[in-house]
Amino acid sequence: MSNRENEKPKFTARVSNYFKGVKAELKKVNWPTKKELTNYTVVVLATTFTMTLVIWGLDLIFQNLVALIV
């Protein structure tokens, strides 16, 4: 084996290879359509709103229970 094969690539070469890999991976991504993105956004907002109401309701119930006990 020669010493050249054991040498570590230069920093700039490694950074360049990294960004080439990132670019190649981003070409493989299946991006959502505008309609899919809108639907996903609505689902996330509805779920967040529902969970907010559930947690608020539970907090109110436990607050009143503690007030009854104390």
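User: How confident is the predictor, going by mean pLDDT?
Analyst: This is a predicted model, with a mean pLDDT of 93 for the protein, and 94% of its residues reach 70 or more.

User: Which elements have the lowest and highest mean pLDDT?
Analyst: Helix α1 (residues 3–6) has the lowest, at 71, while helix α3 (residues 34–69) has the highest, at 97.

User: And how many helices and strands are there?
Analyst: There are 3 helices and 0 strands, running α-α-α from the N terminus.

User: What share of the residues counts as buried?
Analyst: That's 0% of the 70 residues. The protein exposes about 7,100 Å², and carbon and sulfur atoms supply 67% of that area.

User: Switching topic: how many positive and negative side chains?
Analyst: There are 10 positive and 5 negative ones, and the centres of the two sets are 11 Å apart.

User: How many aromatic pairs turn up?
Analyst: Searching the whole structure gives 1 aromatic pair. Tyr 18 and Phe 19 form it, edge-to-face, with 5.2 Å centre to centre and 75° between the planes.

User: Is Tyr 18 buried or exposed?
Analyst: Tyr 18 is exposed, because its relative accessible area is 54% and the cut-off for exposed is over 50%. Phe 19 is exposed too, with 52% relative accessible area.

Technical notes:
Residues numbered from 1 in each chain as written. Predicted model: local features only at pLDDT ≥ 70, side-chain atom pairs only at ≥ 80, totals over all residues. Heavy atoms only, no water. pLDDT = per-residue confidence, 0-100. Helix = DSSP H or I, 4+ residues; strand = E, 2+ residues; numbered from the N terminus. Phe/Tyr/Trp six-rings, centres within 6.5 Å; stacked < 30°, edge-to-face > 60°. Buried < 20%, exposed > 50% of the residue type's maximum accessible area, 1.4 Å probe, protein only. Areas by Shrake-Rupley, 256 points an atom, 1.4 Å probe, with all protein chains shown as cover. Lys, Arg positive; Asp, Glu negative; His and termini not counted. Charge placed at Lys NZ, Arg CZ, Asp CG, Glu CD.
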